[in-house]
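Morning, everyone. I'll take one structure today and walk through it piece by piece. Have a look at it first.

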Amino acid sequence: MAKAAGGTKNPARISVWLQGKAPRGGGRKGDQPSGLDRDRITEASVRLLDAEGLAKFSMRRLAAELDVTAMSVYWYVDTKEDLLELALDAVCGEMRLPDTAEAADESWRDQLRALADEYRALLIRHPWVSPLVGRFLNIGPNWLAFAVAVQQTVRRTGLPPHTQNGAISAVFQFVYGFGTIEGHYMARCAEAGMTQDEYYREAAGTVQVELAAHGIMESAKDLLAARGDGTVEELWQRDFTVALDLMIAGIESLLEQENRGEPSGRGGETPGARQGL
(Lines give C-alpha, C1' and ligand atoms only; values in the text may rest on other atoms or scores of the structure.)
Protein backbone atom coordinates (compact mmCIF):
# COMPACT_ATOMS: atom_id res chain seq x y z
CA MET A 1 0.00 0.00 0.00
CA ALA A 2 1.38 3.40 -0.90
CA LYS A 3 2.16 5.72 1.95
CA ALA A 4 0.04 8.80 2.40
CA ALA A 5 1.49 12.27 2.83
CA GLY A 6 3.62 12.48 5.92
CA GLY A 7 4.47 8.76 5.83
CA THR A 8 1.19 7.48 7.29
CA LYS A 9 0.46 3.94 6.08
CA ASN A 10 -3.21 3.95 7.09
CA PRO A 11 -4.70 7.39 6.54
CA ALA A 12 -8.05 8.17 8.09
CA ARG A 13 -10.95 6.90 6.03
CA ILE A 14 -12.92 9.59 4.22
CA SER A 15 -16.57 9.74 5.24
CA VAL A 16 -19.07 8.69 2.57
CA TRP A 17 -20.62 12.13 3.07
CA LEU A 18 -17.37 13.83 2.01
CA GLN A 19 -16.58 11.80 -1.10
CA GLY A 20 -18.20 14.18 -3.56
CA LYS A 21 -20.88 11.70 -4.61
CA ALA A 22 -24.63 11.96 -4.35
CA PRO A 23 -25.34 10.54 -0.88
CA ARG A 24 -28.69 9.02 -1.83
CA GLY A 25 -29.99 7.21 -4.88
CA GLY A 26 -27.10 7.87 -7.24
CA GLY A 27 -24.44 5.51 -8.54
CA ARG A 28 -20.92 6.06 -9.80
CA LYS A 29 -21.43 5.12 -13.44
CA GLY A 30 -24.05 5.38 -16.12
CA ASP A 31 -24.98 1.73 -16.46
CA GLN A 32 -26.26 0.90 -12.98
CA PRO A 33 -27.91 -2.49 -12.48
CA SER A 34 -31.65 -2.34 -13.09
CA GLY A 35 -33.91 -2.10 -10.03
CA LEU A 36 -31.20 -1.02 -7.59
CA ASP A 37 -30.51 2.33 -6.02
CA ARG A 38 -28.68 3.46 -2.93
CA ASP A 39 -31.83 3.85 -0.85
CA ARG A 40 -32.92 0.28 -1.56
CA ILE A 41 -29.45 -1.02 -0.73
CA THR A 42 -29.38 0.97 2.51
CA GLU A 43 -32.83 -0.29 3.54
CA ALA A 44 -31.77 -3.89 2.93
CA SER A 45 -28.61 -3.29 4.96
CA VAL A 46 -30.66 -2.07 7.92
CA ARG A 47 -32.92 -5.12 7.72
CA LEU A 48 -29.93 -7.47 7.69
CA LEU A 49 -28.17 -5.67 10.53
CA ASP A 50 -31.34 -5.84 12.63
CA ALA A 51 -31.88 -9.52 11.87
CA GLU A 52 -28.34 -10.88 12.00
CA GLY A 53 -26.16 -8.29 13.73
CA LEU A 54 -23.02 -6.42 12.80
CA ALA A 55 -20.61 -9.39 12.98
CA LYS A 56 -22.41 -11.34 10.22
CA PHE A 57 -22.94 -8.40 7.89
CA SER A 58 -21.08 -8.58 4.57
CA MET A 59 -21.43 -7.30 1.03
CA ARG A 60 -21.87 -10.89 -0.17
CA ARG A 61 -24.69 -11.49 2.33
CA LEU A 62 -26.31 -8.19 1.32
CA ALA A 63 -26.12 -9.07 -2.36
CA ALA A 64 -27.86 -12.38 -1.65
CA GLU A 65 -30.60 -10.54 0.24
CA LEU A 66 -31.11 -8.27 -2.77
CA ASP A 67 -30.80 -11.19 -5.22
CA VAL A 68 -27.99 -9.48 -7.14
CA THR A 69 -24.26 -9.99 -7.48
CA ALA A 70 -21.87 -8.35 -5.03
CA MET A 71 -20.43 -6.31 -7.92
CA SER A 72 -23.87 -4.81 -8.51
CA VAL A 73 -23.79 -3.34 -4.99
CA TYR A 74 -20.38 -1.80 -5.68
CA TRP A 75 -21.92 0.37 -8.40
CA TYR A 76 -23.42 2.41 -5.54
CA VAL A 77 -20.93 2.18 -2.66
CA ASP A 78 -17.18 1.72 -2.62
CA THR A 79 -16.85 -0.27 0.59
CA LYS A 80 -18.77 -2.00 3.34
CA GLU A 81 -17.75 0.85 5.65
CA ASP A 82 -19.54 3.34 3.38
CA LEU A 83 -22.66 1.22 3.53
CA LEU A 84 -22.54 0.97 7.32
CA GLU A 85 -22.24 4.74 7.51
CA LEU A 86 -25.28 5.13 5.26
CA ALA A 87 -27.26 2.62 7.35
CA LEU A 88 -26.27 4.41 10.55
CA ASP A 89 -27.59 7.72 9.28
CA ALA A 90 -30.74 6.12 7.88
CA VAL A 91 -31.85 4.73 11.25
CA CYS A 92 -30.98 8.02 12.95
CA GLY A 93 -33.76 9.48 10.80
CA GLU A 94 -36.26 7.38 12.77
CA MET A 95 -35.86 9.67 15.79
CA ARG A 96 -38.65 12.20 16.24
CA LEU A 97 -36.96 15.50 17.01
CA PRO A 98 -38.75 18.26 18.95
CA ASP A 99 -39.07 21.64 17.29
CA THR A 100 -36.22 23.36 19.09
CA ALA A 101 -36.01 26.37 16.77
CA GLU A 102 -39.26 27.99 17.95
CA ALA A 103 -39.41 26.59 21.50
CA ALA A 104 -39.64 28.73 24.61
CA ASP A 105 -36.62 28.80 26.91
CA GLU A 106 -38.49 27.09 29.76
CA SER A 107 -39.27 24.03 27.60
CA TRP A 108 -35.68 22.75 27.56
CA ARG A 109 -36.35 20.09 30.23
CA ASP A 110 -39.13 18.43 28.23
CA GLN A 111 -37.11 18.68 25.03
CA LEU A 112 -34.03 17.17 26.66
CA ARG A 113 -36.12 14.28 27.97
CA ALA A 114 -37.68 13.78 24.53
CA LEU A 115 -34.28 13.71 22.81
CA ALA A 116 -32.88 11.33 25.42
CA ASP A 117 -35.90 9.02 25.06
CA GLU A 118 -35.56 8.93 21.28
CA TYR A 119 -31.82 8.22 21.40
CA ARG A 120 -32.29 5.44 23.95
CA ALA A 121 -35.07 3.88 21.84
CA LEU A 122 -32.83 3.98 18.76
CA LEU A 123 -30.01 2.15 20.57
CA ILE A 124 -32.42 -0.49 21.85
CA ARG A 125 -34.19 -0.97 18.52
CA HIS A 126 -30.91 -1.33 16.61
CA PRO A 127 -28.19 -2.82 18.89
CA TRP A 128 -25.64 -2.61 16.05
CA VAL A 129 -25.79 1.19 16.18
CA SER A 130 -23.80 1.62 19.40
CA PRO A 131 -20.52 0.09 18.14
CA LEU A 132 -20.70 2.26 15.02
CA VAL A 133 -21.46 5.62 16.66
CA GLY A 134 -17.85 6.24 17.66
CA ARG A 135 -16.47 4.72 14.47
CA PHE A 136 -17.72 7.35 12.06
CA LEU A 137 -17.89 11.14 11.97
CA ASN A 138 -21.71 11.02 12.04
CA ILE A 139 -22.10 13.92 9.64
CA GLY A 140 -24.96 12.55 7.58
CA PRO A 141 -28.10 14.76 7.39
CA ASN A 142 -30.01 12.90 10.10
CA TRP A 143 -27.16 12.86 12.63
CA LEU A 144 -26.51 16.54 11.98
CA ALA A 145 -30.20 17.33 12.58
CA PHE A 146 -30.04 15.41 15.86
CA ALA A 147 -26.84 17.19 16.92
CA VAL A 148 -28.36 20.59 16.14
CA ALA A 149 -31.51 19.76 18.16
CA VAL A 150 -29.34 18.71 21.12
CA GLN A 151 -27.18 21.83 20.91
CA GLN A 152 -30.16 24.18 20.63
CA THR A 153 -31.86 22.50 23.59
CA VAL A 154 -28.81 22.69 25.84
CA ARG A 155 -28.16 26.28 24.76
CA ARG A 156 -31.72 27.11 25.85
CA THR A 157 -30.94 25.95 29.41
CA GLY A 158 -29.09 29.20 29.97
CA LEU A 159 -25.80 27.48 30.73
CA PRO A 160 -22.77 29.53 29.60
CA PRO A 161 -20.96 28.19 26.52
CA HIS A 162 -18.01 26.83 28.51
CA THR A 163 -20.30 24.31 30.27
CA GLN A 164 -22.64 23.35 27.41
CA ASN A 165 -20.39 20.65 25.93
CA GLY A 166 -20.08 19.08 29.38
CA ALA A 167 -23.86 19.02 29.76
CA ILE A 168 -24.27 17.39 26.36
CA SER A 169 -21.66 14.78 27.27
CA ALA A 170 -23.20 14.06 30.66
CA VAL A 171 -26.69 13.47 29.29
CA PHE A 172 -26.05 11.78 25.96
CA GLN A 173 -23.04 9.70 26.89
CA PHE A 174 -25.14 8.41 29.78
CA VAL A 175 -28.00 7.64 27.36
CA TYR A 176 -25.54 5.94 25.01
CA GLY A 177 -24.28 3.67 27.80
CA PHE A 178 -27.74 2.92 29.18
CA GLY A 179 -29.28 2.22 25.78
CA THR A 180 -26.31 0.08 24.71
CA ILE A 181 -26.53 -2.14 27.78
CA GLU A 182 -30.31 -2.41 27.54
CA GLY A 183 -30.16 -3.23 23.84
CA HIS A 184 -27.51 -5.90 24.35
CA TYR A 185 -29.51 -7.42 27.21
CA MET A 186 -32.59 -7.66 25.00
CA ALA A 187 -30.49 -9.24 22.24
CA ARG A 188 -29.21 -11.87 24.70
CA CYS A 189 -32.79 -12.62 25.75
CA ALA A 190 -33.81 -13.07 22.12
CA GLU A 191 -30.84 -15.37 21.43
CA ALA A 192 -31.79 -17.48 24.45
CA GLY A 193 -35.42 -17.65 23.32
CA MET A 194 -36.57 -16.10 26.61
CA THR A 195 -38.51 -13.01 27.66
CA GLN A 196 -36.68 -10.31 29.57
CA ASP A 197 -38.38 -11.42 32.78
CA GLU A 198 -37.53 -15.08 32.28
CA TYR A 199 -33.90 -14.31 31.54
CA TYR A 200 -33.63 -12.00 34.53
CA ARG A 201 -35.15 -14.55 36.94
CA GLU A 202 -32.80 -17.26 35.74
CA ALA A 203 -29.71 -15.03 35.83
CA ALA A 204 -30.62 -13.51 39.22
CA GLY A 205 -31.28 -16.95 40.68
CA THR A 206 -27.93 -18.24 39.51
CA VAL A 207 -26.08 -15.22 40.89
CA GLN A 208 -27.81 -15.48 44.27
CA VAL A 209 -26.84 -19.14 44.57
CA GLU A 210 -23.27 -18.80 43.34
CA LEU A 211 -22.50 -15.61 45.29
CA ALA A 212 -24.59 -16.34 48.37
CA ALA A 213 -21.58 -16.00 50.69
CA HIS A 214 -20.14 -12.93 49.00
CA GLY A 215 -20.46 -9.51 50.59
CA ILE A 216 -22.00 -8.14 47.41
CA MET A 217 -25.26 -9.95 48.21
CA GLU A 218 -25.53 -8.37 51.65
CA SER A 219 -24.61 -4.98 50.24
CA ALA A 220 -27.25 -5.23 47.49
CA LYS A 221 -30.04 -6.62 49.69
CA ASP A 222 -31.91 -3.32 50.06
CA LEU A 223 -31.44 -2.49 46.36
CA LEU A 224 -32.88 -5.84 45.31
CA ALA A 225 -35.79 -5.42 47.71
CA ALA A 226 -36.50 -1.95 46.32
CA ARG A 227 -36.98 -3.41 42.84
CA GLY A 228 -40.25 -4.97 44.01
CA ASP A 229 -42.38 -7.05 41.68
CA GLY A 230 -42.13 -4.88 38.57
CA THR A 231 -41.30 -6.29 35.17
CA VAL A 232 -37.80 -5.89 33.78
CA GLU A 233 -39.14 -3.39 31.26
CA GLU A 234 -40.63 -1.32 34.10
CA LEU A 235 -37.34 -1.48 35.99
CA TRP A 236 -35.38 -0.25 32.98
CA GLN A 237 -37.80 2.65 32.57
CA ARG A 238 -37.73 3.61 36.25
CA ASP A 239 -33.93 3.55 36.43
CA PHE A 240 -33.65 5.59 33.24
CA THR A 241 -36.14 8.19 34.44
CA VAL A 242 -34.41 8.60 37.80
CA ALA A 243 -30.99 8.90 36.20
CA LEU A 244 -32.20 11.47 33.66
CA ASP A 245 -33.89 13.46 36.42
CA LEU A 246 -30.53 13.53 38.22
CA MET A 247 -28.85 14.84 35.07
CA ILE A 248 -31.41 17.62 34.73
CA ALA A 249 -31.05 18.45 38.43
CA GLY A 250 -27.29 18.71 37.84
CA ILE A 251 -27.83 21.22 35.02
CA GLU A 252 -30.15 23.24 37.27
CA SER A 253 -27.51 23.17 40.01
CA LEU A 254 -24.90 24.51 37.59
CA LEU A 255 -27.29 27.27 36.58
CA GLU A 256 -27.75 28.25 40.22
CA GLN A 257 -23.98 28.34 40.65
CA GLU A 258 -23.60 30.61 37.64
CA ASN A 259 -26.38 32.88 38.87
CA ARG A 260 -24.53 33.21 42.18
CA GLY A 261 -21.40 34.17 40.30
CA GLU A 262 -19.56 30.95 41.16
CA PRO A 263 -17.51 29.79 38.14
CA SER A 264 -17.64 26.13 37.17
CA GLY A 265 -15.82 23.76 34.85
CA ARG A 266 -13.57 26.14 32.95
CA GLY A 267 -10.55 23.88 32.52
CA GLY A 268 -9.65 21.27 29.92
CA GLU A 269 -12.49 21.91 27.53
CA THR A 270 -12.34 20.83 23.91
CA PRO A 271 -13.64 23.61 21.64
CA GLY A 272 -16.37 22.88 19.13
CA ALA A 273 -19.47 20.74 19.19
CA ARG A 274 -19.14 16.97 19.53
CA GLN A 275 -20.83 15.02 16.76
CA GLY A 276 -20.31 11.56 18.32
CA LEU A 277 -23.53 11.64 20.34
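One term before we start. A charge sits over a ring if NZ of Lys or CZ of Arg is within 6 Å of the ring centre and within 35 degrees of the ring normal. Keep that in mind; we'll need it for one contact later. Also, please remember that this is a predicted model.

Overall fold, then. The protein chain has 12 helices and zero strands. Read from the N terminus, the elements go α-α-α-α-α-α-α-α-α-α-α-α. The chain has 277 residues, and buried ones make up 36% of them.

Let's take α12, residues 232–259.

Now its buried positions. In α12, these are V232, L235, W236, F240, A243, L244, I248, I251 and L255. Just after the helix comes G261, which takes a positive phi of about 80°.

Next, aromatics. The whole structure holds 11 aromatic pairs. Take W143 and F146, an edge-to-face pair at 6.0 Å centre to centre, with 75° between the planes. Both belong to helix α7, residues 141–156, and they are three residues apart, so about one helical turn separates them. W143 is buried, and F146 is too.

A second pair is F178 with F240. This one is also edge-to-face: 5.2 Å between centres, 65° between planes. What does the pair tie together? F178 is in helix α8 and F240 in helix α12, so the contact joins parts 62 residues apart in sequence.

How accessible are the two rings? F178 has 14% relative accessibility, and so counts as buried, the cut-off being under 20%. F240 has 1%, and therefore counts as buried as well.

The pair belongs to a wider group. Ring pairs link F174, F178, Y185, Y199, W236 and F240 into a cluster.

Now back to that opening term. Which residue puts its charged end over the ring of F240? R120 does, at 4.6 Å from the ring centre. So F240 takes part in an edge-to-face pair with F178, sits under the charged end of R120, and is buried because its relative accessibility is 1%.

On to pockets. The largest has a volume of about 350 Å³. Its lining counts 17 residues, and D50, G53, P127, A187 and E191 lie nearest the centre. Which helices supply at least two residues each? They are α1 (38–52), α5 (108–125) and α8 (161–192). α8 gives the most, with six residues. By class, the lining splits into 10 nonpolar, three polar and four charged residues.

The second largest pocket has a volume of about 240 Å³. Its lining is Y185, R188, Y199, Y200, A203, R227, V232, L235, W236 and D239. Here α8, α9 (196–210) and α12 each supply at least two residues. The largest share comes from α12, with four residues. The class count is seven nonpolar, no polar and three charged.

Last item: backbone angles. Most residues other than glycine have a negative phi. Two residues here call for a look. D67 has a phi near 60°, a positive value in a residue other than glycine. N138 is another, with phi near 55°.

Where do they lie? D67 is in the loop between α2 (59–66) and α3 (70–73). N138 is in the loop between α6 (129–133) and α7.

Are they buried or exposed? D67 has 70% relative accessibility, so it counts as exposed. N138 has 2%, so it counts as buried.

Technical notes
Residues numbered from 1 in each chain as written. Predicted model: local features only at pLDDT ≥ 70, side-chain atom pairs only at ≥ 80, totals over all residues. Heavy atoms only, no water. 1 Å grid on protein atoms, 1.4 Å probe; cavity = no way out; pocket = protein on both sides within 12 Å on 5 of 7 lines; lining within 4 Å. Points joined across faces, edges and corners; volume = space filled by probe spheres on them. Nonpolar A, V, L, I, M, F, W, Y, C, P; charged D, E, K, R; others polar. Buried < 20%, exposed > 50% of the residue type's maximum accessible area, 1.4 Å probe, protein only. Phe/Tyr/Trp six-rings, centres within 6.5 Å; stacked < 30°, edge-to-face > 60°.
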